[in-house]
Amino acid sequence: MLRACHRSSFLVSVFQRRAIHSKNGSINAFVAIADNAPTPNNITVGVKSNICTSELTTTCSSGILKDFVSPFNATVVDLLQASGVQVIGKTNCDEFGMGSLNVNSIHGPVVNPFQHPSSDTPWETRERRSAGGSSGGSAAAVAAGLCDVALGTDTGGSVRLPAAYCGVVGLKPSYGLLSRWGIVPYADSLDCVGILAKDVALTQKVFDILNVHDPQDPTSVPSSARNEGPTELRNLRVGVPQEYFPAELSFSVIDATKRTLKDLKAQGVTIVPISLRSTSYALSAYYVIASAEASSNMARYDGIQYGTRVPPPTGSDLSKVSDVYSYTRTEAFGSEVKKRILLGTYSLSADAFDNYFLQAQRVRQLVKEDFDRAFHHVDVLIHPSAIRTAPLLESVNYGLDSYVQDVLTVPASLAGLPAVSIPVRHAEDGWPVGVSVVGQWGADELVMKVGQLIESIQ
């Protein structure tokens, strides 16, 4: 009898693994899948490929870390496993988290799994649209039902933007609440571990598991400073920043956002128009700061201690350090990473430091002050998560237009504030639209409660 049960469980495991592999073939959400199949009644999680795991590769979707396996787990992975959550695979992402459409990956682009229910096209041949980035694999895995929840990282919108494109919930917590130990860094002052799930309730459950102080992470907020912010929805005042409706915003997104605000007003919520005057400068400041920090973080990949190594050609002058590792970096880094290294290195140079990096830090402070003033009058802010619905992969522009995707999500990142993207009504083209709820630092519970309210009235 026991042998028969064991055989039955084994066959179920094989079937489940094959099902995940089969469905993933049309999405490219997972780049590594665990040998153990999902266990009944366990929450399953996909982990972004820039979060360290000791049993699966951590490639950061980069050629320079191809086949790299970390000797340890990130703190967030250990916390989840200790709570019985099962890691089933590593998810695709833009290389080192640098991108907004999940097309900058050695594993290839992630294809959005969404298909409108009324479509009569076979799912495998559906319209190929971006899943967003850089945590596109995590969002797509949740949207496709390959896992219950997924971890991503959010530097300037890398959880909220994919969540909006794929029609799932995406939370960027207050900076410093979730441990970054074991997270491969892109921009240390901006990086946050984020959570993607089908609904706010599961997002909240995972957040509660991870929301603990980690002494291994110097940016982790001490337990004594983790004061719970306001959580009461009674007499809720919602601010709507006028600067978050730029000319690039599609009419369908505006319409879905307005209808959500109208529904909230019908629930007794007070809607307050506000102004965040420094918003127009936030995107430029973000890319200067993030690229500067990235250029420093990318310096560790020299092909000597770990990762890919490209030997210098015969006859190279090995007395020059640059000749030893430049061949590795040239071949193994993707074009977007190289671009940001160059931009960041320039902004930190003696000639440009005052005009670029210091100016960007001043703008960052102005953005924070804008939010501080706003929260004297309102409890949370609500704005569209993205300027449009998911773009077609074949129409992706690798020029400056690709950077505009983050224009609505970057300000909250610069200020270190909690923000959650909630799927609302579909746009005219039938694709998901997300709205973001932003709160003051530490008000993660309130942000998620407002998210649940929006969820309940759809």
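User: Which side chains meet D154 in a salt bridge, and at what distance?

Analyst: A salt bridge is a side-chain nitrogen of Lys or Arg within 4 Å of a carboxyl oxygen of Asp or Glu. Here the side chains of D154 and R160 form one, at 3.0 Å from N to O. The model is predicted: local features need pLDDT of at least 70, side-chain atom pairs count only at pLDDT 80 or more, and totals for chains, interfaces and linings use all residues. Residues are numbered from 1 along each chain as its sequence is written, and side-chain values use heavy atoms, with hydrogens and water left out.

User: Are D154 and R160 buried or exposed?

Analyst: Buried means under 20% relative accessible area, exposed over 50%, and partly exposed in between (1.4 Å probe, protein chains only). D154 counts as buried because its relative accessibility is 0%, and R160 is buried too, with a relative accessible area of 1%.

User: How many salt bridges does a search of the whole structure find?

Analyst: The search finds nine. One of them joins R425 to D263 at 2.5 Å, N to O. This pair links distant parts of the chain, 162 residues apart: R425 is in the loop between strand 10 (419-423) and strand 11 (434-439), and D263 is in helix 6 (residues 251-266). Helices (H or I, at least four residues) and strands (E, at least two) are DSSP runs, numbered from the N terminus.

User: Where do E336 and K339 lie?

Analyst: An α-helix has 3.6 residues a turn, so residues three or four places apart point the same way. E336 and K339 are both in helix 9 (residues 335-347), three residues apart, about one turn of the helix. Their salt bridge has its closest N and O atoms 3.5 Å apart. E336 is buried at 8% relative accessible area, whereas K339 is partly exposed at 38%.

User: Which residues of helix 3 are buried?

Analyst: Helix 3 (residues 136-143) is mostly covered, with seven of its eight residues buried. These are G136, G137, S138, A139, A140, A141 and V142. Just after helix 3, G145 takes a positive phi of about 75°.
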